[in-house]
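Visitor: Could you walk me through this protein chain, one question at a time? I'm new to reading structures.

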Amino acid sequence: MIPIVHPDHNLIFQALVVRKGAERTFSYALETRTLADLPPDEVLIRVHASTINYKDCLSCQGHPAITRRFPHTPGVDAAGVVEASADPACQPGDRVAVISHAMGMNTPGGFGQYVRVPAAWVMPLPDALSFHEAMAYGTAGYTAVLAVEALEAAGSSLAGAQALVTGATGGLGAFAVALLSARGAEVTAVTGKTDEAARAFLSAIGAARILPRDAFEDTTGRNMLVPAWDVAVDVAGGTTLSTVLRSMRDGGVVAVTGMVQGTAFEANVLPFILRGVHVVGINAEATTPERRRAVWARMADTAKPAALPALYSVVGLADLPAAIETVAAGRHLGRIVVDLGGADASAPV
């Protein structure tokens, strides 16, 4: 690794900083930082937009599986412009994105107006995506695209399929609803939010039916349930995933993407040996640079859902602490994009 040199090492910028207090208490607020606070990596990026992921909330809460060193700036996703680079593949002025890497966990992340990262983490941003749109996708949307493509790769025809999405008002779930609907599936959205705003949101992004989570989950212990779904995207794990597996149709495919409800779930072999249910796990961080670029090219073109504008809202950096509280409490709908200032982040080049 060749550290970059920037002409103004003391350049100041704003960032959200998490600090550890007494007895493992944590607080976060906007602070002034300098480039000297960033690690000596190869590419310096002026961040124009970021987004709030579940991992970011855990980092703000001091979760040791996510972040161990404090003070710390979270933000696992960032989109912006290269400011300086020691790698000839990244030139000053390039529009780039960093998603699904270790940034924002134990290195300063996208909740700061500058990041400095390894060149291997930096991906060119397609011109057809604005910074806001790229961060509306972010890790959650990228994972949703991988999940839907995995369902298709497993042999599922999505046109006319009965599709189920759990955690449907969250970032990943909402994108899965929109992507499956755009491919012709009839989507049933499972959610813990049953208010009118949540229902209107889910209908706007393509949900044909909405099921309250407590009405969907089955805790009877039955080995099999009435077969209802051809494909499913699960973000929850736990009891929800157990219910999904037992209610798949013959040859059904489940993409497992998250653990919001828990990492453990009860299962038995009957859905697999009697109905031939398939389970595919989705690991966005493990995808190669080549596949990332190919998927992002599709995300800017054929995979870009018409419902994209309805999938996210935008807040400024000053409103980021309150927005984190909203996401941590599960009160958000879809994605929250953070505008960190600079050029017009809402418009493609």
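Guide: Let's go through it by question and answer.

Guide: This is a predicted model, where local features need pLDDT of at least 70 and side-chain atom pairs count only at pLDDT 80 or more, while totals for chains, interfaces and linings use all residues. Residues are numbered from 1 along each chain as its sequence is written, and side-chain values use heavy atoms, with hydrogens and water left out.

Visitor: In what sense do strands S9 and S10 pair, parallel or antiparallel?

Guide: Helices (H or I, at least four residues) and strands (E, at least two) are DSSP runs, numbered from the N terminus. Two strands pair if DSSP finds at least two bridges between them. S9 covers residues 186–191 and S10 covers residues 207–212, with five bridges joining them. The sense of that pairing is parallel.

Visitor: Which residue of S10 is the bridge partner of Ala189?

Guide: S9 and S10 are joined over five bridges. In S10, the partner of Ala189 is Ile210.

Visitor: What is the handedness of the β-α-β unit made by S9, helix H4 and S10?

Guide: Helix H4, residues 196–204, is the helical part of this unit. With the strands pointing away from the viewer, a crossover is right-handed if the path from the first strand over the helix to the second runs clockwise. The unit here is right-handed.

Visitor: Which salt bridge links Arg209 to another side chain, and what is its N to O distance?

Guide: Side chains of opposite charge can pair when their charged atoms come close. A salt bridge here is a side-chain nitrogen of Lys or Arg within 4 Å of a carboxyl oxygen of Asp or Glu. Arg209 meets Glu186, with N to O at 2.5 Å. This pair links distant parts of the chain, with Arg209 in S10 and Glu186 in S9, 23 residues apart.

Visitor: How many salt bridges does a search of the whole structure find?

Guide: One of them joins Asp218 and Arg222 at 2.8 Å, N to O; Asp218 counts as buried at 9%, whereas Arg222 is partly exposed at 47%. Elsewhere, Glu149, Arg291 and Arg298 are linked in a network of salt bridges. The search of the whole structure finds 13.

Visitor: How many of the twelve residues of helix H3 are buried?

Guide: H3 runs over residues 171–182 and reaches 17 Å from its first C-alpha to its last, close to the 16 Å expected at 1.5 Å a residue. That expected span is 1.5 Å times one less than the number of residues. Among the buried residues are Leu172, Phe175 and Val177. H3 is largely enclosed by the rest of the structure because the buried count is ten.

Visitor: Which helix gives the largest share of the nonpolar patch?

Guide: Patches are made of residues with over 30% relative accessible area and no salt bridge, with like charges joined within 9 Å and nonpolar side chains (Val, Leu, Ile, Met, Phe, Trp, Tyr) within 5 Å. This one holds Val269, Phe272, Ile273, Leu274 and Val279, with about 470 Å² of accessible area together, by the Shrake-Rupley method with a 1.4 Å probe, where only the protein chains shown count as cover for residues. Leu274, for one, is exposed at 57%. The largest share, three residues, comes from helix H7.

Visitor: What is the form of the peptide bond from Phe70 to Pro71, cis or trans?

Guide: Most residues other than glycine have a negative phi, and most peptide bonds are trans. Pro71 lies in the loop between helix H1 and strand S4. With omega near 0°, the bond from Phe70 to Pro71 is cis.

Notes. Buried means under 20% relative accessible area, exposed over 50%, partly exposed in between (1.4 Å probe, protein chains only).
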